[in-house]
Amino acid sequence: MRTQEIEGVCRLCHRHRQLKDSHFLPRALYKFCFRPEETSALYVSDSATWLSSTQVSQHLLCGECEQRFNQNGEEWTLWHCYRGKHFRLRQLLNAAQPDSVSDTMRLYSANDIPGLNIEALVYFAISILWRGAAASWRFRRDEIDGPIEIGPYQEPFRRYLLGMDSFPLNTAVTISVANFESPLLRALKFPQGSIADGYRTFLFNIPGISFMIFVGKKIPDEVMEFQAAGPGRFILLTDYEKYLAADIMFKLKTAKSIGKAPKLALWGGTSV
Ligand SMILES: [Zn+2]
């Protein structure tokens, strides 16, 4: 049995402290992904899909930094993501006037939506990618992934998360909210990276929200213009889940499936 705290150097503040059992993706998210009769969630990585009740965590942060992550990003994000009965972020967007509308998406500016704490969503997104880059993570008994390679952005991210610096240069966050009543895809997709010409992208999902983080000197202008951390403070309502579901179904067919076939875990879940 793992003890709850051990002593060590906190990866965020670099102080020697008691370290908490820190989660890669927040613990509360797992229950949004469980089906009523099960206590396992669907995980998706580049190479595998699997069902597990094991939460991905390790001793990484001190209590103060855990609290910092909670107050600056997680608390608001988790209250507003898809939770079964409630999907408060989608409600907020549907009650507001979009800046522009197309067949597949609606674009909103948080500048016009007083209740939308887009800074919390941005902070949350950066904190998740930073966690992936700050250490290797054990996803299953025999498999350790990472750390995610973000090169020179590691330290600016850390300073931003600590409140020592403003939002990092050459960085963008785009946020897509699922425009579905139900059912919704309930899977935890940990950050996965890809390389483009002059920049990198990292994608991850929590129930109802998809985050994409861009780093590099050649991030496309349209990404910089419509990102959540820019002056326009933009957020999208899209049917991204259709594409994500297709991607996950493809992975279920082609990637190594660990243990029990996870097909049924794509849909359904508890309401909290
Ligand atoms: Zn700390």
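1. Helix α4 is largely enclosed by the rest of the structure, because 15 of its 17 residues are buried. The model is a predicted one, and burial here rests on counting C-beta neighbours: a residue is buried if 20 or more other C-beta atoms lie within 10 Å of its own. The helix covers residues 118-134, and at 1.5 Å a residue it should span 24 Å. Its end C-alpha atoms are 24 Å apart, which agrees with that expectation.

2. What does α4 meet in α2? On the α2 side the residues are Phe69, Asn72, Gly73, Glu74, Trp76 and Thr77. On the α4 side they are Ala120, Leu121, Tyr123, Phe124 and Ser127. Two packed helices are described by the angle between their axes and the distance between the axes. The axes of α2 and α4 come within 8 Å and cross at roughly 110°. Angles of 65 to 115 degrees count as roughly perpendicular, and α2 and α4 are therefore roughly perpendicular to each other.

3. Just after α5, Gly163 has a positive phi of about 85°.

4. Three strands make an open sheet in the order β1-β2-β5, with antiparallel pairing. Strands β1 (6-9) and β5 (57-62) stand at the edges with a single partner strand each, so one side of each has no neighbour in the sheet. On average, neighbouring strands of this sheet are turned by 60° against each other, direction ignored. Helix α2 (residues 63-80) packs on the sheet and touches β2 and β5. The direction of α2 makes about 95° with that of β5.

5. β1 and β2 run antiparallel and are joined by four bridges, with Glu7 having Gln18 in β2 as its bridge partner. These two strands form a hairpin with six residues between them, and His14 in the turn has a positive phi of about 65°.

6. Strand β11 (residues 187-196) runs antiparallel to β12 (residues 199-206), with six bridges joining them. β12 in turn pairs with β13 (residues 209-215) in the antiparallel sense over seven bridges. Which residue of β12 does Ile195 stand opposite? It is Arg200, and Arg200 also stands opposite Val215 in β13.

7. Both turns contain a glycine with positive phi. The hairpin of β11 and β12 has two residues between the strands, and Gly198 takes a positive phi near 90°. The hairpin of β12 and β13 likewise has two residues between its strands, with Gly208 in the turn at a positive phi of about 90°.

8. Phe226 lies in the loop between α6 (221-225) and β14 (234-238). Is Phe226 buried or partly exposed? It counts as partly exposed, because it has 18 C-beta neighbours inside 10 Å. Leaving aside residues up to four places away in sequence, Phe226 touches Leu107, Thr174, Gly232 and Phe234. Phe226 and Leu236 are ten residues apart in sequence, and their C-alpha atoms are 9.2 Å apart.

9. Some totals for the protein follow. It has seven helices and 15 strands, and buried residues make up 40% of its 272 residues. Of the contacts with a separation of 6 or more, 69% are between residues 24 or more positions apart.

10. On confidence, the mean pLDDT of the protein is 84, and 79% of its residues reach 70 or more. Where pLDDT is low, the predicted coordinates should not be read in detail.

Technical notes:
Residues numbered from 1 in each chain as written. Predicted model: local features only at pLDDT ≥ 70, side-chain atom pairs only at ≥ 80, totals over all residues. Expected span 1.5 Å × (residues − 1). Buried ≥ 20, exposed ≤ 12 C-beta atoms within 10 Å, placed from the backbone. Pairing = 2+ DSSP bridges. Axes fitted to C-alpha atoms, helices over the stretch in contact; angles between N-to-C directions. Contact = placed C-beta atoms within 7 Å. pLDDT = per-residue confidence, 0-100. Parallel < 35°, antiparallel > 145°, perpendicular 65-115°, else oblique.
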